[in-house]
Amino acid sequence: MSKTYLCLDTSATASAAITRDDAVVAHRSTASHRNHSEVLAGFITDVMTEADLDPATPNALEAIFVGVGPGPFTGLRAGIITAQTLAHAWNLPVYGVLSLDGLANRVAPEAFRLGAEEFVVATDARRKEVYWAHYDNIGGQPQRLHGPFVTAAQEVTELPVFGAGAGLYPEQLFGITGFTDAVPDATDIAAYGSIALRRGRGLQPVEPQYLRGHDAKIPKQLRP
């Protein structure tokens with residue numbers, strides 16, 4: 001019996017995908033880091049329509065995977081709340097995937113090809129910091145050893161670095177060519193989530209990994 005999943009990630013940019021038996025059958029994403037709420041609903045409608053799923057009664061869907069970060073407050077919240085709302089409306093299970101784990105799963109085969117027994121995934125945390133995690137590389141399969149963290153780039157473990165964090169701080173981080181603008185995507189969440197679900201480990205609670213106070217500013221007149 002085929003397994004069909006809706007997958008979302010808003011930890012960096014916004015993206016949505018439908019996968020069926022580990023194949024991506026529909027995908028939408030934006031390069032913007034700031035318009036998650038505006039585009040996500042349209043992306044979901046688009047990918048479901050392309051995958052011949054009725055958004056009103058998506059009976060063929062098995063579950064929803066959603067990236068839980070780490071990421072900035074506003075964008076991350078948009079994806080998680082959307083996933084939880086749809087899961088409740090459609091009576092489906094929803095599973096959290098650490099977004100850095102998803103990206104690590106994508107880049108691990110290249111790290112293995114390069115002979116990197118360990119590597120780091122790093123993305124932009126703004127405020128002159130990066131979100132990052134340290135992975136062991138077992139035959140092209142990542143295993144998270146440490147993290148996730150949010151720190152200045154110079155505090156990242158000295159290893160090959162995959163992800164947009166390396167592109168932002170090339171003097172501090174040893175970025176791998178071809179991967180210095182990489183950010184987590186719904187297709188990464190799908191690939192890692194499907195493996196984790198089969199293995200019974202690696203999934204996360206559907207709770208946002210902010211790693212620090214949220215970025216929203218409370219007007220002075222509303223503060224206690």
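Is R212 buried or exposed? At 18% relative accessibility, R212 counts as buried; here buried means under 20% relative accessible area, exposed over 50%, and partly exposed in between (1.4 Å probe, protein chains only). The model is predicted: local features need pLDDT of at least 70, side-chain atom pairs count only at pLDDT 80 or more, and totals for chains, interfaces and linings use all residues. Residues are numbered from 1 along each chain as its sequence is written, and side-chain values use heavy atoms, with hydrogens and water left out.

An open sheet is formed by 5 strands, in the order β3-β2-β1-β4-β5. The pairing is mixed. Strands (E, at least two residues) and helices (H or I, at least four) are DSSP runs, numbered from the N terminus. Two strands pair if DSSP finds at least two bridges between them. Strands β3 (23-29) and β5 (94-97) are the edges, and each pairs on one side only. From one strand to the next, the twist averages 20 degrees. Strand β2 (residues 15-20) pairs with β3 in the antiparallel sense, over 6 bridges. T19 stands opposite V24 in β3.

Helix α2 (residues 73-90) lies across β1 (4-9), β4 (61-67) and β5. Its direction is at about 165 degrees to β4. Axes are lines fitted to C-alpha atoms, for helices over the stretch in contact (heavy atoms within 4.5 Å). Angles run from 0 to 180 degrees between N-to-C directions. Helix α5 (residues 186-199) lies across β1, β2, β3, β4 and β5, at about 130 degrees to β1.

Side chains of opposite charge can pair when their charged atoms come close. A salt bridge is a side-chain nitrogen of Lys or Arg within 4 Å of a carboxyl oxygen of Asp or Glu. By this rule there are 8 salt bridges. In one of them, E50 meets R28, with the closest N and O atoms 2.9 Å apart. E50 lies in helix α1 (residues 36-50) and R28 in strand β3, so the pair ties together parts 22 residues apart in sequence. E50 is partly exposed at 42%, and R28 is partly exposed at 27%.

R106 and D188 form another salt bridge (2.7 Å, N to O). R106 sits in helix α3 (residues 99-113) and D188 in helix α5, 82 residues apart. R106 is partly exposed, at 36%, whereas D188 is buried, at 4%.

R212 itself pairs with E129, the closest N and O atoms being 2.5 Å apart. E129 belongs to strand β7 (residues 129-138) and R212 to the segment after α5, 83 residues apart. E129 is partly exposed, at 23%. Salt bridges that share partners also join R28, D46 and E50 into one network.
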